[in-house]
Amino acid sequence: MKTTESIPAWALGYCINGDTTGLADEEISMIDKWMRDWHVEIISPITDEEGNYHPYFTHYPLFGLPTNVIDCDIIYHNPNPTNPQQL
């Protein structure tokens, strides 16, 4: 399945490249849980024609507290990501 979601900008380095630099253990655990629950395969930040990201602030990121986010296309395999036991 594919969706577009607002991913916290601070999480993308870990989500895409596995880079934990600057992340607390709690943040890593939160990201791991989300990726595991959704069975995430691909996270692809949406860019403009020139390849630039456009972060913006939201009170409602996909996970975590209000923060700057980047819209990303996500391919995942759990048909009901709000209920990870469903798979």
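Leaving aside its neighbours within four places in sequence, which residues is Trp-34 in contact with? Trp-34 is in contact with Ile-7, Cys-15, Val-40, Ile-43, Leu-62, Phe-63 and Ile-74. Contact here means heavy atoms within 4.5 Å. The model is predicted: local features need pLDDT of at least 70, side-chain atom pairs count only at pLDDT 80 or more, and totals for chains, interfaces and linings use all residues. Residues are numbered from 1 along each chain as its sequence is written, and side-chain values use heavy atoms, with hydrogens and water left out.

Trp-34 is buried, at a relative accessible area of 7%. Buried denotes under 20% relative accessible area, exposed over 50%, and partly exposed the range in between (1.4 Å probe, protein chains only). Trp-34 also belongs to the nonpolar core. The largest such core has 17 residues. A nonpolar core is a set of buried Ala, Val, Leu, Ile, Met, Phe, Trp, Tyr and Cys residues joined through side-chain atoms within 4.5 Å. The residues with the most contacts inside the largest core are Ile-7, Ile-31, Trp-34, Ile-43, Cys-72 and Ile-74. At least two residues of this core come from each of α1 (12-17), α2, β2 (40-45) and β4. Helices (H or I, at least four residues) and strands (E, at least two) are DSSP runs, numbered from the N terminus.

Leu-12 sits in helix α1. Its relative accessibility is 10%, so Leu-12 counts as buried. Beyond its neighbours within four places in sequence, Leu-12 is in contact with Ile-7, Asn-17, Ile-43, Pro-45, Ile-70 and Cys-72. Leu-12 and Leu-23 are 11 residues apart in sequence, and their C-alpha atoms are 11 Å apart in space.

Aromatic pairing was examined next. The structure holds 4 aromatic pairs. Rings of Phe, Tyr and Trp (its six-membered ring) pair if their centres lie within 6.5 Å; planes under 30 degrees apart count as stacked, over 60 as edge-to-face and the rest as tilted. Trp-34 and Trp-38 are both buried. A further pair joins Trp-34 to Phe-63, with centres 5.3 Å apart and planes at 35°, so this pair is also tilted. Trp-34 lies in helix α2 and Phe-63 in the loop between β3 (56-58) and β4, so the pair ties together parts 29 residues apart in sequence. Phe-63 is buried, with a relative accessible area of 7%. One aromatic cluster is formed by Trp-10, Trp-34, Trp-38, Phe-63 and Tyr-76.

Charged pairs were also searched for. Across the whole structure, 2 salt bridges are found. A salt bridge is a side-chain nitrogen of Lys or Arg within 4 Å of a carboxyl oxygen of Asp or Glu. Asp-73 forms one with Lys-2, the closest N and O atoms being 4.0 Å apart. This pair links distant parts of the chain: Asp-73 is in strand β4 (residues 67-76) and Lys-2 in strand β1 (residues 2-8), 71 residues apart. Asp-73 is partly exposed, at 22% relative accessibility, whereas Lys-2 is exposed, at 60%.

Asp-37 forms a salt bridge with Lys-33, and here the closest N and O atoms are 2.5 Å apart. The two residues are 4 residues apart in helix α2 (residues 25-38), so about one helical turn separates them. Asp-37 counts as buried at 14% relative accessibility. Lys-33 counts as partly exposed at 45%.
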